[in-house]
Amino acid sequence: MTPEVEPEQNSAGVIWWQAPSVFRAGVEESVSITIFGARAETRVQVQLLVKGQTVTHAHGSVLDAQISRFSLFLCPGSSLQVPSGLRGQAHLKVWGNRHLAEGGYIFHNYTTITVESKGTAVFIQTDKPVYKPKHRVLINVYTVTPDLRPVNDKDPRGSRMVQWKGLKSICCGVVNMSFPLSDQPVFGEWLIFVEVQGHTYNKSFEVQKYVMPKFELVIDPPTYIRDLNSCEQASIRARYTFGKPVVGKLTVNMTVNGVGYYRQETGHPVIKTTEIKGSANFSICVKDMMPLDVADHFRGSVSIWASVTSIDGSRQTTFDDSTPVHKQLIDIKYSKDTRKQFKPGLPYKGKIEVTYPDGSPADGVKVRVKAELTTKDNVYTSELISKDGEATFEIPSIPTAAQYVWLETKVTSIEGKAVGDQYLPSYLSISSWYSPSRCHIQIQNPSTPLKVGQNAEVALKSTCPCNFTLHYEVTSRGNIVLSGKQLSNTTASHRGKRATVTFDMNVHPTHPPPFSSGSSSQAEVDSCVSYLQFPVSHSMAPLSHLLVYYVRENGEGVTDSMQIPVEPDFENQVSVSLSANESMPGDPMTLRVQGEKGSCVCVAAVDKSLYLLKPDFQLSPDKIFKELADFDVSDAFGIPKDDRHFWWPGLSSRRRRRSSVFPWHWDITKDARFAFTETGLIVMTDMVSLNHRQSGGMYTDEAVPAFQPHTSTLVAAMHSRPTARTEKRRRTFFPETWVWHCLNVSAETGEAELHLDVPDSITTWVTEAMGLSERKGLGLAKRAELRTFKPFFVDFTLPYSLIRGEQTKVPLTVYNYLPTCAEVHVKVSVPKGIKFVGHPGKHHLTRKKCVPPGEAAPTSIVLSVNELGPANITARAVAYSEPSCCYDGFLTGKLSKDIEERRTAIGVDYVRRTVLVEPEGLPREYTYSVFFCPNERIHISTPNKYEYQYVKKPARMTQFQVAVKTHNDAHFALSSSPHDSAEMIEIVLGGRQNTRSWISVGKMGEPLVSAATPGILSWDEFRSFWISWRGSVVQVGYGLYPSNESVILQWAGSSGQFPSQVRHIGFSTGWGSVGEFKIWRKEDSDENHNEAFTLGVPHNIVPGSEKATAFMIGRLFVKTV
């Protein structure tokens, strides 16, 4: 982009400024300005114009060679507002001036930038990934700027979420809401929509009838298959959510799936069955599962389905396909920090990543790297041995006349064994960087990612002397986050001589290309190294772009840029902890959060079983920083941000359609302006030369590496040892969400506490916390876990619902983690309406079991349900120490009552659970709708029967408008009571077959005044009239409003003829006609207006199963002037 520059006056200096190429609404944007050679302080102003109107501006002063950053805030809702939803171009204008007599510097230039309406990131959090009918959905919404600071009601429209509008934050920019699900919701996926600044975000959750899983099942497969002809060992771990091992039956189903050259390959299934007690091992023999006749370059994985059925009947299934199966054992590719441009006169350094199929580093692999101008012009060859999964090469220099170079890397041997042509090479094309003066600077890659808080030191190499003042900009998340300069007298440097062209004669002899002979082939070019230091801040994570530049005496700009990863870290350090890591059900517990003083911290604690239903449904640092990376506007040749190289399509593990056509670009060289474009900045300068681009030759911005690995990470949960003790608490509280609460962290201590009682579930509770602070932004705490456990307990699993009349088998399991064998008495109680099958008339049933220490013993009961609705089933278990019970294998005879009473229980547990009994048959739903609007006029229908329908009029009403649709004889009665009387005033319109109208006293009284009105009424349309009475005068006229010109009938009666007070208006038709009347609005009535409608019920319903739910959807319309 070339800015338009107006002619300069008194140009005593050089102006240089840069800004992000994309501005975002609601974001404070930075513009960096430097003036070289100014003799005095210059006042600078920056202005953003949209459609010719100024929407925001900033100003300040700049001294000679001083870098000043100006902040522009595009705030929706303020007087300086970017139009809502604007997606287009705007003008960014910069000018400076000072009195000429004082040696000031005058400049005025502008350029075009893009304005994006999206200036916020929205994170939606729900307490669970799946809900049952009648559950309440809990939602938190965090709206932040790209620097993770809260957005506090800056948008007057607020956030719109489903049926909520104008939501206000409960604290520090956090919006909290909830809604209940009905007892018969729509099952499947639901979506939560959040609209902010014209952009819509969403999060999904499921509504299902489900039963919480009891245990976690994890597959530990081999990292990759090393030999297709040998077997690898794998294991499966099964543990209850409270940490104890699961005993049961394991079934494993395995096969190999993958891709050959042109088609999907599916292998042969292998099924294995074995017993499991906490864990089990099994063999993976790929040779028994491989598809037939697969290609040499086959890429696939082992698909493993594992299912465990525990002794209590619970079943859990899991799947894993993270084990790669490759015929080629080694993958190579160019690292992401390998540059795609070279600078003549400076060494070109690249890195090859050498990995096994799972992505782990491969050592002892020999690779050959070649650099070619053409197939016959080899300028570099080297053979390298990988170490720590990397092979680094350095091409000392590339001919200055070269515009592009092909890099070819190929595996030649593995652990000393030659591989021949089994491995395909990986290619990368790199292009030249052009400078008229042949002055180049090049940033050297940091050896490790930068960390927040450290003082980064980056080396730079230069082909010209390092006696320059180096300026730098750091951009991240689409904005300039740091600007600075380093003076030449503080630049640590050393100089050396480096040949322009160097050949590696020890590997393969090469010859100089024809055009490289002469002065450039053997001339030595000076080079020096300097070091740049700058602080690393939180706003630079997870990815930054470093731009460096200086200006030569002849006005030429020398630049370079590099993408630098920064380890993500939250500035707001939030933590959550519990007063204990392990507890008994019902124990008091203190939950403590820490964060930036004054933060709002929202805490969620849910049953770990929910993570088994849908792992990682909650927010994580990776999800948050991935969203922030989307604000990056840097130009990387159009390549996706997650993969800065495009690999050869036919050779990627993420299989793409293979092609032999490569995209060649004819405009190949890069110049000083390219560094700004690559960084995502626009630059404007009046006297500095940046455009040096040349054309010619073939070039591609595509990289062509070999295979990419398929990796997977498995995390194992760690559990502490339980503490045994006996208690008599009744366990009846089994929530899936324990805590959902937002806390205001103390401004003094930075802490907040919540005092709670632990629920009755025997499980592990996973606690998360997210904080938001005005000063330090968003922070996410590391998860904390609390194991709720008893050394002895009983549990049983009920289905979500039962059908009336059916029988069901309910498994009960006694868990004994006491140090001794226990004789357990289990008493099950059911309410009226539920019966024990095989035990008629009983509502209590007792079972006895011997349970060895550290084991679980199952039993079961069969129930028959007969009444609809929720039903509570309880189980009470008492354990007695009885070592002989376990040795004998059976229970002794019944003990006497005295001995029974003298025995001391070593464990007691009581559990109550609820099951829903639903009606038999198929559910059917019927929807009936009625519309009621207070602004609507009251509608009255009259039959062909001369009987009045009376409506009580509003108290202050002395006139009303009426719309009538009838063939003839529209009758109105003004009465003091809601029935016919001799004193009432009767008005008839369109009487005598729609020919005359009159006023009379009493029903069917003699006309007191009449008029000919042929055709006054119509059945084809509503016709409007007005009726008024004041004192003893009654008037009737056409239209909506009374006027002397529209009067049809007028009668002035005596006080004895007029009713004492008109309280009711009657409406009627007859004489062969029905009618429709529309009178005053419902909201004008003195009393509440009621609407009634009838629900039709089919004849074949199951008695007692009918239910109705009424929903009201209201909207208020307000008149505006």
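The model is predicted: local features need pLDDT of at least 70, side-chain atom pairs count only at pLDDT 80 or more, and totals for chains, interfaces and linings use all residues. Residues are numbered from 1 along each chain as its sequence is written, and side-chain values use heavy atoms, with hydrogens and water left out.

**Open sheet**
- Three strands form an open antiparallel sheet in the order 24-26-29 (strands are DSSP E runs of at least two residues, numbered from the N terminus; two strands pair if DSSP finds at least two bridges between them).
- Strand 24 and strand 29 (390–395) are the edges; each has a single partner strand, so one side of each lacks a neighbour in the sheet.
- The twist averages 20° from one strand to the next (axes are lines fitted to C-alpha atoms, and angles run from 0 to 180 degrees between N-to-C directions).
- Strand 24 and strand 26 (residues 348–355) share four bridges.
- Lys333 stands opposite Glu353 in strand 26.

**Thr338**
- Thr338 sits in the loop between strand 24 (331–334) and strand 25 (341–342).
- Thr338 is buried, at 2% relative accessible area (buried is under 20%, exposed over 50%, partly exposed in between, with a 1.4 Å probe and protein chains only).
- Its side chain makes a polar contact of 2.9 Å with the side chain of Ser335 (a pair of N or O atoms within 3.5 Å; within protein, one must be able to donate a hydrogen and the other to accept it, and residues adjacent in sequence count only if both atoms are side-chain atoms).
- The Thr338 side chain also reaches the backbone nitrogen of Lys351 at 3.2 Å.

**Hairpin**
- Strand 39 (residues 543–551) pairs antiparallel with strand 40 over nine bridges.
- Ser544 has Ile564 of strand 40 as its bridge partner.
- Five residues lie between the two strands, and Gly555 in this hairpin takes a positive phi near 90°.
- Seven of the nine residues of strand 40 (residues 557–565) are buried.
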